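Q: I am new to this structure. Could you take me through its features one at a time?

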Amino acid sequence: MQIDASWTLFLDRDGVINNEIKDGYVLSWDMFHFEEGVLPALNHLAKKFSRIVLVTNQRCIGRGLLTAEGLQEIHTRMLEAISAKGGRIDRIYYCPDIDSNSPCRKPNDGMALQAKADFPEIDFSKAIMVGNTLSDMKFGKDQGMTTVFIPSTKPDLPFPHPQMDYRCKGLLEFSELIQ
Ligand SMILES: [Mg+2]
């Protein structure tokens with residue numbers, strides 16, 4: 001995959017950065033476990049992308065299972081672990097809402113537009129969305145991004161697929177495609 005430093009990387013969290021909890025949520029740092037190879041992958045990707053942003057649906061907040069402060073604490077520890085290995089995430093966006101029609105809930109475009117408002121230099125035609133659901137793929141495709149599907153939780157989805165440009169086993173395999 002040919003990119004230059006002007007490109008932006010959008011990352012989903014659960015099932016990409018950390019193990020997704022089946023039928024549940026990551027509610028504390030104890031429950032947060034990095035997917036294999038994510039830390040070296042982020043070290044490499046940090047050198048290649050000028051912006052790396054996380055876009056994550058966190059219905060557990062709307063459901064009252066986790067507070068915004070609790071999520072912040074998990075993310076602070078996550079970012080510490082990432083930067084200790086030379087990686088970087090520049091900004092985290094999350095949608096706390098339960099309602100699927102919430103404008104910020106993927107696949108709706110709210111978090112993409114928020115990122116663009118915060119970083120006006122983002123060019124969606126020079127952006128890659130990495131996620132493990134069709135919702136992530138649609139979120140990226142609707143903005144004209146390149147999409148990368150990680151089959152961590154949905155290994156049976158067919159590929160090739162109109163919403164998926166690439167399919168990688170995990171973030172490490174994706175990072176190896178970025179020269
Ligand atoms: Mg996910």
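Q: What kind of unit do strand 4, helix 5 and strand 5 make?
A: A word first: this is a predicted model. Strand 4, helix 5 and strand 5 form a β-α-β unit, and the unit is right-handed.

Q: How many bridges join strand 4 to strand 5, and do the strands run parallel or antiparallel?
A: The two strands run parallel, joined by four bridges. To see one of these pairings, go to Met129: its bridge partner in strand 5 is Thr147.

Q: Which residue of strand 6 stands opposite Phe149?
A: Arg167 does. Strand 5 and strand 6 pair in the parallel sense, over two bridges. Strand 6 covers residues 166–167.

Q: Which way do the residues of strand 5 point, and are they buried or exposed?
A: Thr146 and Val148 point one way. Thr147 and Phe149 point the other way. All four are buried.

Q: How do I read a nonpolar core, and which residues touch the most other members here?
A: The general idea: in soluble globular proteins, nonpolar side chains tend to be buried together. Here the largest nonpolar core has 32 residues. Phe49, Ile128, Val130, Leu171 and Phe174 touch the most other members. Several elements supply at least two residues each, among them strand 1 (8–11), strand 2 (51–57), helix 3 (68–84) and helix 6 (171–177). Helix 1 gives the most, with five residues.

Q: What is Val130 in contact with, leaving aside its neighbours within four places in sequence?
A: Its contacts include Leu9, Phe10 and Leu11. Val148, Ile150, Leu171 and Phe174 are also among them.

Q: Which residues does the second, separate core include?
A: Val53, Met111, Phe119 and Phe124 are included. This core has 15 residues.

Q: How do I read an aromatic pair, and how many does a search of the whole structure find?
A: A pair of aromatic rings is described by the distance of the centres and the angle of the planes. The search finds five pairs. Take Trp29 and Phe34: their centres are 6.4 Å apart, with 80° between the planes, an edge-to-face pair. Phe34 also pairs edge-to-face with Phe32, at 5.1 Å and 85°.

Q: Why does Phe32 count as buried, and why does Trp29 count as partly exposed?
A: Buried means under 20% relative accessible area. Phe32 has 4% relative accessibility, so Phe32 counts as buried. Trp29 has 23%, so Trp29 counts as partly exposed. Phe34 is partly exposed too, with 22%.

Q: Which residues do ring pairs link into a cluster?
A: Phe10, Phe124 and Phe139.

Q: Which residues coordinate the magnesium ion?
A: Asp12 (OD), Asp14 (O) and Asn132 (OD1) do, at 2.0 to 2.1 Å. Along the chain, the donors follow the spacing D-x1-D-x117-N. Asp12 sits in the loop between strand 1 and helix 1. Asn132 sits in the loop between strand 4 and helix 5 (134–142). The two are 120 residues apart, so sequence distance is bridged here. Both Asp12 and Asn132 are buried.

Key. Residues are numbered from 1 along each chain as its sequence is written. This is a predicted model: local features need pLDDT of at least 70, side-chain atom pairs count only at pLDDT 80 or more; totals for chains, interfaces and linings use all residues. Side-chain values use heavy atoms; hydrogens and water are left out. Rings of Phe, Tyr and Trp (its six-membered ring) pair if their centres lie within 6.5 Å; planes under 30 degrees apart count as stacked, over 60 as edge-to-face and the rest as tilted. Buried means under 20% relative accessible area, exposed over 50%, partly exposed in between (1.4 Å probe, protein chains only). A nonpolar core is a set of buried Ala, Val, Leu, Ile, Met, Phe, Trp, Tyr and Cys residues joined through side-chain atoms within 4.5 Å. Contact means heavy atoms within 4.5 Å. Donors are N, O and S atoms within 2.8 Å of the metal (3.2 Å for Na, K and Ca); water is not among the atoms, so sites may look incomplete. Two strands pair if DSSP finds at least two bridges between them. A crossover is right-handed if, with the strands pointing away from the viewer, the path from the first strand over the helix to the second runs clockwise.
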